[in-house]
Amino acid sequence: MYGGIDLGGTKIEACLFDSDLGEITRRRVATPRTSYEELVDALVGQYDWLRGEAGVTMLPLGVGIPGQVDVETGLTLASNLAADEKPLRQDLSRRLGFPVLFENDCRCFAFSEANGGAGADHETVFGLILGTGCGGGVCFKGAIVEGRNGLPGEEVGHLGIPADAAPGVTLPMERCPCGRKGCYETLVSGPGIARLARGLKGLHFEAHEIAEKAATHPELGEVLDVWAHVVCELFRTIQATVDPDCIVLGGGVSRIPGVEKLLLKHLPDHLLEGGRPPAVLLAKYGDSSGVRGAAMLAALKGQIS
Ligand SMILES: [Zn+2]
């Protein structure tokens, strides 16, 4: 059996998998927000629970985090965790008595979908998560592309949106949490859809309300159309830089009803001319894909002999 933990800004999800990576059971706890020590304790608590459920004394464990682990210093770089600039991997490994595998959550997602997931039949897979933020990861022949800093695909949400990404529309350009203005994340994420409704129509709705009402509310339907144009422009950026065989979408925003049809409608207006376009697919394992990828990495790297 294998354990996966998805360490998020609001919850820590632990999931136990069998040897074929079938899910056995899972448990969510709230993420301690203020104290690093409490955060480490919560991770140890989730691991102890996984061990108990598995009935074993030690269990291979992979942890997906919403940020990076610096390859040289081992420090966690995750501004929305109480572990930013802390040696979380070392501290957790010391507490558990073996080297715990840490990986960026978007890369875990891409790894999961490239291996047995929606991208399984494709050589180069770009995993793209559209949720409260926007991030990605790249796999080639089933393996994560590491790059110099573990960055390939990860920061794709912080590339700039072309001014004319949606035809005939002046897009609202707002400041991104990264400090820059006009990043893709500011419009393609869940909060980005709400920002488009506010900026273009003066309408105040959350993303899930816009998704639910779009079919019967013409102005919200137009908002989703503009959103789809911007997402397709992001696909063009991905095509121009990585040229993947497929883009696998995950995250809460990928659950908008009819999202595939909406994106495919606008895709031909945005992709590079000539050549073969990437397939656009929805994640096979949905919200579980990240934690599945973390467990799969632990299984692959075999921490416990
Ligand atoms: Zn940004």
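**Helix packing and the zinc site**

Helices H7 and H8 are roughly perpendicular to each other, a class that covers angles of 65 to 115 degrees. Their axes, lines fitted to C-alpha atoms over the stretch in contact, lie 9 Å apart at an angle of about 70°. The crossing of H7 (residues 218-241) and H8 (residues 259-266) is right-handed. The contact (heavy atoms within 4.5 Å) involves Leu-224, Asp-225, Trp-227, Ala-228, His-229, Val-231, Cys-232 and Phe-235 of H7, together with Val-259, Leu-262, Leu-263, Lys-265 and His-266 of H8. Nine of these residues are nonpolar, two polar and two charged.

The model is predicted, with local features requiring pLDDT of at least 70 and side-chain atom pairs pLDDT 80 or more, whereas totals for chains, interfaces and linings use all residues. Residues are numbered from 1 along each chain, and side-chain values use heavy atoms, without hydrogens or water.

H7 also packs against H5 (residues 190-201), at an angle of about 120° and with the axes 10 Å apart. This crossing is likewise right-handed. Contacts are contributed by Ile-193, Leu-196, Ala-197, Leu-200 and Lys-201 of H5 and by Glu-219, Glu-222, Val-223, Leu-224, Val-226 and Trp-227 of H7. Eight of the residues are nonpolar, none polar and three charged.

The zinc ion has as protein donors (N, O and S atoms within 2.8 Å of the metal) His-158 (ND1), Cys-176 (SG), Cys-178 (SG) and Cys-183 (SG), at 2.0 to 2.4 Å. The donor residues follow the spacing H-x17-C-x1-C-x4-C. The site is tetrahedral, with angles of 100 to 123° among the four donor atoms; this class requires all angles to lie between 85 and 135 degrees.

Note on methods. Axes fitted to C-alpha atoms, helices over the stretch in contact; angles between N-to-C directions. Helix = DSSP H or I, 4+ residues; strand = E, 2+ residues; numbered from the N terminus. Left-handed = near helix turned anticlockwise from the far one by under 90°. Nonpolar A, V, L, I, M, F, W, Y, C, P; charged D, E, K, R; others polar. Donors = N, O, S within 2.8 Å, 3.2 Å for Na, K, Ca; no water. Tetrahedral: all angles 85-135°; square planar, octahedral: opposite > 155°, others 65-115°. Parallel < 35°, antiparallel > 145°, perpendicular 65-115°, else oblique.
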